[in-house]
Amino acid sequence: MLDNSTTEIDTVSIQHILNKNKTKMKLSLKVCAHCTMCAESCFLYMIHRKPEYMPSYKFINTIGKIYQKKGNVSREFLEKARDLVWENCVLCTRCYCPIGIDIPSMIAVGRSICRSQGIEQRHDK
Amino acid sequence: MEISNIFSSALLYNLARGPLVWISFLVFFAGSIFQILRILSLTKNDERIGIQAKDSKNKKKPAKEKKKEAILSWFQQLKLTIVGVSPIMIIVTTVFHICLFVVPVFLLAHNIMLDDAWGLSIITFSEKTADILTIIFLATALFFLLRRLFVGRVRSITSLYDCFIWIIATAPFLTGFLAYHQMFDYRTVIVLHMLFGELMLIAIPFTKFTHMFFFFIFRFFVKSEYSLGKGNRSWY
Amino acid sequence: MVKSERKPIEEIKDSIKGYKNILNIGCGGCSSVCLSGGQREVNMLNAELNTLFKAENGSQKIDGYTIERQCNAKYYYDLPEILLNYDCILSMACGAGVQLAAEIFSNKPVFPAVNTVSIGIDRDIGMYEEKCRACGQCVLGYTAGICPVTRCAKSLFNGPCGGTNGGGMCEISNEIPCAWHDIYERLKEQNRLDDILKIQPVMMWQNQVQRTTIQEPYKERYGK
């Protein structure tokens with residue numbers, strides 16, 4: 001396990017993951033109409049009723065921002081992203097999108113990026 | 001006013017109704033084909049997997065199983081879908097998208113020009129009908145804008161980009177409406193109408209308007225629990 | 001993950017007969033993934049049951065609530081307060097979740113709405129294949145990743161029986177591939193045929209008595 005409290009973010013490894021999934025991820029991010037119709041399909045949103053639990057919010061503020069910044073993200077950002085992709089999502093894969101975007105795969109790529117920097121699911125909370 | 005002079009200038013007028021029409025349609029068609037192929041390339045056609053009889057209790061099935069009567073009526077089943085979850089949004093968006101498509105295609109003014117140019121005569125709405133449909137469209141567009149600005153959860157994922165997109169989608173209809181009713185300076189408004197229409201056509205393949213293709217390809221041809229068709233494509 | 005399928009509606013309805021206020025608890029884990037007991041299934045089942053209740057003009061009513069997982073008590077934090085309004089629980093989780101719910105809410109009846117079928121993989125949308133019987137004595141390392149317990153009708157450990165016919169099919173049906181035939185073929189492909197030359201000892205069926213698994217780093221904590 002990396003002692004990641006002071007380790008630099010390895011942008012190259014993030015960019016490697018971004019490039020592997022580039023077409024699908026970027027197209028999905030582009031085509032998202034920001035309509036929020038995915039919200040009610042997420043049982044976590046239905047429990048908490050907060051925007052942070054909407055599937056679209058989750059992927060826009062993790063993988064969306066990571067692509068926007070081309071992988072140049074801070075550790076602080078990734079730690080917030082960790083909460084979105086692990087605390088706010090259980091990857092139950094039931095997200096609905098009227099356009100048909102494959103949301104679980106976007107969360108999975110987000111998790112994979114976090115893991116590449118030693119940022120993993122917290123079990124100590 | 002200077003700006004108005006620019007928009008009513010003969011140069012811009014002739015550009016807008018001439019070469020820009022061709023360019024915008026060309027970009028629209030080429031871009032759309034490119035996007036459709038790109039979207040399709042993200043998925044592959046799967047062989048439909050036959051049920052493999054690994055269940056040792058698999059005896060010969062009875063000739064015809066009596067179809068069980070559904071407990072829920074079609075209406076109740078509909079209520080369990082997104083239509084029941086957000087009925088207003090679904091109705092508004094359906095009306096919006098229908099008007100978005102039918103108004104420009106079946107507009108009398110557009111088709112007169114088509115007839116003049118290529119002798120193509122297609123069915124059109126009466127001017128009154130088109131007017132009403134445009135007003136309905138503008139009302140639904142306003143609903144979307146207000147929703148985007150004032151509903152918390154939508155605002156949380158809204159950016160300036162969404163507002164620009166809204167303008168690009170609504171402006172052709174608004175300017176067309178104003179031009180038809182000859183409000184403000186006709187020449188300026190009609191040039192703006194043409195430019196916004198062309199801008200929208202060009203924007204379709206390269207912005208979130210691509211959901212025009214995405215929707216049909218994914219909801220009908222890609223496997224998913226929410227699939228609307230018997231699609232056999234899966235993501236790579 | 002654990003694969004399950006919903007029980008027939010008549011069976012479910014029969015089990016909750018007589019209870020006025022029922023809470024249908026969905027599970028965001030395995031049940032959601034295999035499309036048997038997630039939020040969507042909870043809503044669908046509730047719609048069906050409420051329609052049937054209404055038709056009987058009875059006073060029964062069912063509501064739904066889905067939690068992350070039912071196999072871990074920490075995800076039950078919301079439920080005690082909610083359950084004050086209900087006199088019984090219908091659970092769409094697997095057998096493990098139903099039992100934990102029954103233990104935690106021991107003063108309320110808990111009924112399962114799904115049949116837990118297997119530990120399996122996602123073959124395709126809506127299609128799930130059993131892969132593991134949780135025997136506790138995994139030999140997959142010797143059998144090229146094909147489980148003889150699950151795939152072989154007799155759960156043989158040391159090669160096929162005499163009934164495997166010429167086409168590599170199982171004695172019990174022409175449509176079931178013989179597990180040992182497949183194991184042989186795959187080991188041959190990987191040049192590992194030696195693996196099945198070792199005789200595997202008789203399976204000490206470890207799943208006859210309830211097992212508690214304690215991971216190595218925690219053995220001291222639980223005094224084992």
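Which pattern does chain B follow, read along the sequence? In this predicted model, the pattern of chain B is α-α-α-β-α-α-α-α-α-α-α-α-α-β. Its secondary structure comes to 12 helices and 2 strands. Helices (H or I, at least four residues) and strands (E, at least two) are DSSP runs, numbered from the N terminus.

Residues are numbered from 1 along each chain as its sequence is written, and chains are lettered from A and ligands numbered from 1 in the order in which they are written. Because the model is predicted, local features need pLDDT of at least 70 and side-chain atom pairs count only at pLDDT 80 or more, while totals for chains, interfaces and linings use all residues.

Chain A has 6 helices and 0 strands. From the N terminus on, its elements run α-α-α-α-α-α. The radius of gyration of chain A is 14 Å, close to the 14 Å that the globule rule gives for 125 residues, so chain A is as compact as a globular protein of that length. This radius is taken over C-alpha atoms, and the rule is 2.2 Å times the number of residues to the power 0.38. The C-alpha trace of chain A spans about 40 × 35 × 20 Å along its principal axes. Of the 125 residues, 47% count as buried. A residue is buried if 20 or more other C-beta atoms lie within 10 Å of its own, exposed if 12 or fewer, and partly exposed in between, with C-beta atoms placed from the backbone. Among contacts in chain A between residues at least 6 apart in sequence, 74% join residues at least 24 apart. Two residues are in contact if their C-beta atoms, placed from the backbone, lie within 7 Å.

In chain B, buried residues make up 21% of the 236 residues. For contacts between residues at least 6 apart in sequence, 62% join residues at least 24 apart. Helix H6 of chain B covers residues 87-105. This helix has 19 residues and reaches 27 Å from its first C-alpha to its last, close to the 27 Å expected at 1.5 Å a residue. The expected span is 1.5 Å times one less than the number of residues. Met89(B), Cys99(B), Leu100(B) and Val103(B) are the buried residues of H6(B). Their cover includes helix H8 (127-150) and helix H10 (160-180) of chain B.

Helix H7 of chain B (residues 108-118) contains His110(B). His110(B) is partly exposed, with 17 other C-beta atoms within 10 Å. Thr124(B) is 14 residues from His110(B) in sequence and 9.2 Å away in space, C-alpha to C-alpha.

Chain B also touches chain C. Here 12 residues of chain B are in contact with 17 residues of chain C. By class, the chain B side has 5 nonpolar, 4 polar and 3 charged residues. Ala, Val, Leu, Ile, Met, Phe, Trp, Tyr, Cys and Pro count as nonpolar, Asp, Glu, Lys and Arg as charged, and the others, Gly among them, as polar.

Chain C is divided into domain 1 (2-119) and domain 2 (137-196). These bounds come from an automatic or database domain assignment. The two domain centres, taken over C-alpha atoms, are separated by 39 Å.

In helix H7 of chain C (residues 179-189), Ala179(C), Trp180(C) and Ile183(C) are buried. Seen down the axis of H7(C), these buried residues fall within an arc of 90°, so they line one face of the helix. The arc is that of the directions from the helix axis to the C-beta atoms. Lys188(C) and Glu189(C) are exposed on the other side of H7(C). The buried residues of H7(C) pack against helix H6 (148-151) of chain C. Just after H7(C), Asn191(C) takes a positive phi of about 60°.
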